[in-house]
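Please have the sequence and the structure open while reading.

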Amino acid sequence: MAATPPAAAAAAAGGAHSVFVYGSLMADEVVSAILKRIPASSPALLANHHRFNVKDRIYPAILPVESKKVAGKVIMGISDAELIVLDAFEDFEYVRRRVQISLTMVLLKESLALQDTSETMHADTYVWSDAEDPDLYGEWDFEEWKRVHMKDFLTMTLGFMDGLERPEPKTRVETYQSFMHEHEQPESGTQVES
C-alpha cells in the first residue's frame, strides 16, 4: 500500500489550511514566533511568479510573472485561527490568494541534485497588494536575509506578537517601521543640562 502523499495528509487534517511561504516565513524561528509551533512543511515551487526585493523593506513580495518560479515551502495543517494571525502578520501590504504549487522532492544521484515536481496541490499564499508598485526590484535572497536580517526581523516579529495582546495593537507594518526607525537611529550621547 502506498504512503499517503503530504497534500492528502494535510487535507485529511479536518479542514486545515496549507500556506505557501517564500520569505521570512521559510525560517522556522519566525513561524514559531507567530504560530507558537512549527507545522509540518514540504519544499514547494510556485510557477509563473517572481520574488522581488521591496525598497526600504527587508522582506520580499511576489507577483505573477510569466515563466518565472518562486522556490519556497508549504506549511500544512494551519487552523482557521492561525490563518487569521497570518493575515494580521501579512497586513495590508499583501493579499491572500489561492494558488497551485508543486511539491518538490530532491533526489540525489551521482552528486547531482534533481528535482521531481510530480505532485501538485492548492495552497494559500500572500501576494503583494500593489501590482504596479515602483519599489519592487531584483530578486530577494533568503540566504542573505538569514545572515543579515533574520535576528532583527525575529525581534520585531516577537514585538508584533506581544502587541497583538494589547487593547489597541499596532499593525505589523507599523511595528516594522517603528522597529527599523529605532534601530537606524544612533543613540545620542548628548545630555541636556538644566
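How many aromatic pairs does the structure hold? The structure, which is a predicted model, holds eleven aromatic pairs. One of them joins Tyr 59 and Tyr 94, whose ring centres lie 6.4 Å apart with 45° between the planes, a geometry that counts as tilted.

**The tilted pair and its setting**
- This pair links distant parts of the chain, since Tyr 59 belongs to the loop between strand E2 (41-54) and strand E3 (61-78), whereas Tyr 94 lies in strand E4 (residues 94-109), 35 residues apart.
- Tyr 59 counts as buried at 3% relative accessibility, and Tyr 94 is likewise buried, with a relative accessible area of 8%.

**The stacked pair**
- The rings of Phe 142 and Trp 145 have centres 5.8 Å apart and planes at 20°, and the pair is therefore stacked.
- Phe 142 and Trp 145 are three residues apart in helix H4 (residues 142-148), which means that about one helical turn separates them; both residues are buried.

**Cluster and charge**
- Ring pairs connect a cluster whose members include Tyr 59, Phe 89, Tyr 94, Phe 142 and Trp 145.
- Arg 172 lies over the face of Tyr 59, at 4.6 Å from the ring centre, and its charged end also sits over the ring of Phe 89, 5.7 Å from the centre of that ring.

**The chain as a whole**
- The protein chain has six helices and six strands, and 42% of its 194 residues count as buried.
- Among contacts between residues at least 6 apart in sequence, 73% join residues at least 24 apart.

Technical notes. Residues are numbered from 1 along each chain as its sequence is written. This is a predicted model: local features need pLDDT of at least 70, side-chain atom pairs count only at pLDDT 80 or more; totals for chains, interfaces and linings use all residues. Side-chain values use heavy atoms; hydrogens and water are left out. Helices (H or I, at least four residues) and strands (E, at least two) are DSSP runs, numbered from the N terminus. Buried means under 20% relative accessible area, exposed over 50%, partly exposed in between (1.4 Å probe, protein chains only). Contact means heavy atoms within 4.5 Å. Rings of Phe, Tyr and Trp (its six-membered ring) pair if their centres lie within 6.5 Å; planes under 30 degrees apart count as stacked, over 60 as edge-to-face and the rest as tilted. A charge sits over a ring if NZ of Lys or CZ of Arg is within 6 Å of the ring centre and within 35 degrees of the ring normal.
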